[in-house]
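Biologist: Please take one part of this model and look at it closely. I would like to know how it is built and what it packs against.

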Amino acid sequence: MDEAEKQTQLGHRLKIFLTIFFLLIFIAGAVFFIHEYRAGHFESAETFKSYIEGFGIYGPIMLMFIQCIKVLYTIIPGAIGCIGGAMLFGPWVGFICSYIGICAGSIISFTLSRHLGVSFVQSLMGQRNYDRSMKWLNKRKKSYPIFLWLAICFPFSPDDFLCFFSGLTNISYKKFIIIILTAKPWTVLGYSLIFGNLG
């Protein structure tokens with residue numbers, strides 16, 4: 001086996017490892033969120049703030065973790081974590097924690113859909129929404145990266161679904177990560193600056 005084949009095999013194994021790792025995060029997150037959601041911790045920014053406050057010095061880490069895995073699910077409105085984090089930790093710490101967590105979750109979503117494929121995304125979006133989205137995409141393949149960047153910037157767009165959906169497109173990892181890192185901070189920063197002094 002030559003060096004090129006070894007590198008290809010190593011890259012393939014790394015992709016399998018990352019997919020399994022992210023899938024385990026997805027499953028563990030589902031169990032975690034169902035339990036905490038039923039306990040009422042995600043009903044409002046106030047209940048979320050109290051919940052994170054209960055973790056003491058580990059609160060910022062917990063905020064990042066929740067903001068990361070909440071991207072994988074749609075049961076929690078995205079603004080709750082940003083608002084609650086800003087109210088608890090102030091505008092800048094709240095922003096940093098939410099930004100890091102949401103960006104990480106977005107990349108995990110993209111990775112899962114890219115490697116698990118159409119059936120995985122269909123199970124999340126539903127067949128009807130998936131078919132409608134694919135029909136729309138087929139007409140706008142060239143302009144999709146621009147649309148994605150603008151949609152991620154917009155506070156009320158279904159950006160969590162878009163991260164999953166984007167994994168099925170021909171967008172490269174590099175381009176997707178650049179879009180997330182440059183488009184995501186504006187909404188998070190807006191929530192943080194508005195609500196950061198209300199804690």
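Modeller: Start with the length of α5. At 1.5 Å a residue, its 26 residues should span 38 Å, and the end C-alpha atoms lie 37 Å apart, which agrees. Keep in mind that this is a predicted model. Helix α5 covers residues 91-116. Just after α5 comes G117, with a positive phi of about 85°.

Now the setting. The chain holds 10 helices and zero strands. Read from the N terminus, its elements run α-α-α-α-α-α-α-α-α-α. The C-alpha trace spans about 55 × 40 × 30 Å along its principal axes. For 199 residues, a compact globule would have a radius of gyration near 16 Å; the chain has 18 Å, which agrees.

Next, what α5 packs against. Two packed helices are described by the angle between their axes and the distance between the axes. The partner here is α9, residues 159-166. The axes of α5 and α9 come within 6 Å and cross at roughly 40°. That angle makes α5 oblique to α9. The crossing of α5 past α9 is right-handed. On the α5 side, the contact uses S106, S109, F110, S113 and R114. On the α9 side, it uses C163, F164 and S166. By class, the contact of α5 with α9 has three nonpolar, four polar and one charged residues. An α-helix has 3.6 residues a turn, so residues three or four places apart point the same way.

Helix α9 also meets α6, residues 118-125. The axes of α6 and α9 come within 10 Å and cross at roughly 165°. The two helices are therefore roughly antiparallel to each other. Here α6 passes α9 in a left-handed crossing. F120, V121, L124 and M125 of α6 touch F161, F164 and F165 of α9. This contact of α6 with α9 divides into seven nonpolar, no polar and no charged residues.

Finally, α6 has a contact with α7, residues 127-138. Their axes are 6 Å apart, and the helices pack at an angle of about 115°. From α6 come V118, V121, Q122 and M125; from α7 come Q127, N129, Y130 and S133. The residues of the contact of α6 with α7 divide into four nonpolar, four polar and no charged.

Methods
Residues numbered from 1 in each chain as written. Predicted model: local features only at pLDDT ≥ 70, side-chain atom pairs only at ≥ 80, totals over all residues. Heavy atoms only, no water. Axes fitted to C-alpha atoms, helices over the stretch in contact; angles between N-to-C directions. Helix = DSSP H or I, 4+ residues; strand = E, 2+ residues; numbered from the N terminus. Parallel < 35°, antiparallel > 145°, perpendicular 65-115°, else oblique. Left-handed = near helix turned anticlockwise from the far one by under 90°. Contact = heavy atoms within 4.5 Å. Nonpolar A, V, L, I, M, F, W, Y, C, P; charged D, E, K, R; others polar. Expected span 1.5 Å × (residues − 1). Rg over C-alpha atoms; globule rule 2.2 N^0.38 Å.
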